[in-house]
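Morning, everyone. Let's talk about aromatic rings. Please bring up the model.

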Amino acid sequence: MPRHYIRKTNRGFTAELIKAAADEVIIENKSVRSTAKKYNLCHVSLSRYVAKFKTSMNNDEVSIPNVGYKGPKQVFSVDQEQILSQYIKNSADMYFGLTPRDIKQLAYQFAHKLGLKYPEVWGKNLMAGPDWFTKFLKRNSSLSLRQPEATSLSRAMNFNKANVNLFMDKFQQVLLKYKFEAQHIYNIDETGVTTVQTPSKVVATKGKKQIGAITSAERGVLVTMCIAVNGIGCAIPPMFVFPRVKFHQHFLRGGPAGCVGTANKSGWMQGPEFLTFMEHFVNHVRPSLEKKVLVLLDNHESHLYLPVIDFCKDNGIVLLSFPPHCSHKLQPLDRSVYGPFKKFVNREMDQWMTMHPGSRMTIYDIPQIVAGALPDAVSPRNIMGGFKVSGIWPFDRNIFREDEFAPSLVTDVDELETNQINQDTHPEKELFNSLEPELRISPNQIDVSSNVAIQVSNDNCSNSTILNQTLADNPIPSTSSNVISPESIRPYPKAVREQKLNKKGRQKGRSAVLTDTPEKNEIEKKFKAKAVKRNIFESKQKQKAKTIKPKKAKMSKENNYSSDEDETFCLVCMETFSSSKPNEQWIECSKCKFWTHVDCARECKSPFYRCDNCY
């Protein structure tokens with residue numbers, strides 16, 4: 001019999017039809033042949049069922065007989081398969097999902113523990129067969145084979161009830177204190193745009209093993225883009241951070257209208273570059289001490305730059321940071337903007353490569369590509385959707401389901417973090433005391449008719465409460481000595497608590513209002529401590545430089561450069577030849593005869609190099 005049988009005819013009859021025909025023969029004393037002809041049945045089959053009905057009536061049993069062929073006998077009952085299905089769902093919610101092989105092994109172990117009859121092949125292979133797995137997925141339509149997204153352990157551990165509740169408490173109190181509305185709430189974040197795209201799907205010959213698509217290079221160069229959006233779907237022009245020593249205005253050729261740029265050696269967002277973006281932000285938003293705005297951002301080191309915090313405080317900007325490693329759930333830009341943005345950027349890059357065959361994409365082409373992709377990504381629908389699903393506006397502290405906190409149950413971090421935060425500092429009490437007397441109200445006393453759209457609930461439940469609620473919604477038999485469940489065979493993963501005796505390293509961040517005086521003072525202390533360490537390090541480097549006699553920079557012997565070009569400038573970084581490092585190689589453009597560092601050249605070390613301007 002084939003694995004996927006499809007019925008080809010409509011022959012046969014139902015149990016109700018054969019019961020009605022048998023009643024006419026038995027009760028009304030009609031002939032079997034005339035009744036079979038009336039109901040379009042076989043008279044032999046009808047006479048056989050009539051005999052069965054008469055036998056059951058003599059035994060005082062009236063039941064509808066089994067009609068048709070019986071299907072193959074299942075190993076598990078409906079309730080047992082439901083328990084197994086719920087265990088698979090809970091494991092996937094904890095980010096420790098089961099593969100098909102794991103499920104087949106678990107099915108064999110579960111059937112063996114329950115003492116059920118199963119095929120001999122299961123015993124030989126110590127797992128269920130592929131036919132059982134296929135039919136198991138068909139019987140349980142809520143399950144499907146999915147490709148999981150790689151999630152770091154830090155995100156799984158830190159997105160828990162304690163961190164989310166702490167952020168929601170601070171956000172709620174800031175809303176009440178300053179009476180912010182949707183147009184006053186902004187989210188700022190950075191993303192990277194590389195010169196090597198992920199090719200889109202194409203139509204090609206069916207059955208061909210490998211299909212290729214042209215990209216600019218093997219490894220791309222990253223340019224950081226920073227943008228800000230608010231709760232009513234508006235966005236300000238982006239800022240680009242180029243991996244160059246000096247920024248020139250022609251880097252932004254063809255970029256989005258109103259965009260700005262800056263540069264540093266790494267191309268990543270750092271403190272001075274973020275200060276430049278905040279100045280750009282103030283020029284467009286125009287906040288003031290009388291009309292403040294709220295900016296939500298993550299705990300990146302560049303966002304904790306002391307001059308940035310001073311600048312924001314002087315210009316009426318309230319900074320509220322997300323909990324560490326929770327931006328994938330709480331940050332609107334990550335939830336609904338940057339995903340479509342990367343897709344549209346890849347589309348624009350594919351078109352650019354088609355329009356420029358044989359050319360390599362450089363970082364100076366990225367602003368033009370972003371200009372084509374950004375309007376589709378930062379649409380008002382996408383932006384407002386990100387604010388809604390993260391629970392920021394309309395404010396909803398219960399936006400996240402209990403199963404979304406399941407990964408944190410593996411480590412129980414939320415209980416430890418809550419106790420530590422409550423013992424170390426009480427930032428929510430400081431914020432509450434800073435409120436005006438008329439605003440010092442409990443969450444249950446908030447008027448629903450106020451301008452702030454807030455849904456209130458005192459939901460400071462612990463990890464055990466989450467687990468109890470999850471099990472109440474999706475009941476699983478307890479793992480006692482008398483009850484056998486999949487959890488008793490394959491327990492849920494649980495981390496072993498270890499007390500760290502050595503607490504060195506960077507201190508873990510937390511959600512905080514960065515512009516508040518206590519938080520600002522703490523950041524200022526850290527900033528001064530870093531400055532002292534930096535000064536000590538620089539003084540040691542100067543002492544080493546005095547003891548070591550500096551060597552004069554020379555051209556590479558491979559290229560036989562003349563000594564008349566010692567004061568040549570690099571076309572990319574504008575560094576002079578006399579100030580270059582020892583043994584640093586330079587290369588000459590074969591067309592304009594200007595010089596460039598080999599490291600600054602675009603992946604071309606041949607003698608026939610052509611600079612970007614000539615290219």
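Is Phe 242 buried or exposed? Buried, with a relative accessible area of 0%. Buried here means under 20% relative accessible area, exposed means over 50%, and partly exposed is in between, with a 1.4 Å probe and protein chains only.

Some ground rules. This is a predicted model, where local features need pLDDT of at least 70, side-chain atom pairs count only at pLDDT 80 or more, and totals for chains, interfaces and linings use all residues. Residues are numbered from 1 along each chain as its sequence is written, and side-chain values use heavy atoms, with hydrogens and water left out.

Now the pairs. The whole structure holds 23 aromatic pairs. Rings of Phe, Tyr and Trp (its six-membered ring) pair if their centres lie within 6.5 Å; planes under 30 degrees apart are stacked, over 60 edge-to-face, the rest tilted.

Take Phe 76 and Trp 132. They are edge-to-face, 6.0 Å centre to centre, with 65° between the planes. This pair links distant parts of the chain, 56 residues apart. Phe 76 counts as buried because its relative accessibility is 3%. Trp 132 is buried too, at 9%.

Next, Phe 240 and Phe 242. That pair is tilted: 6.2 Å between centres, 35° between planes. Phe 240 is at 1% relative accessibility, so it counts as buried.

There is also a cluster. Ring pairs join Phe 76, Tyr 108, Phe 110, Tyr 118, Trp 122, Trp 132 and Phe 136.

Last, Tyr 49. Its relative accessibility is 6%, so Tyr 49 counts as buried. Tyr 49 and Val 67 lie 9.7 Å apart, C-alpha to C-alpha, and 18 residues apart in sequence.

Notes: Helix = DSSP H or I, 4+ residues; strand = E, 2+ residues; numbered from the N terminus.
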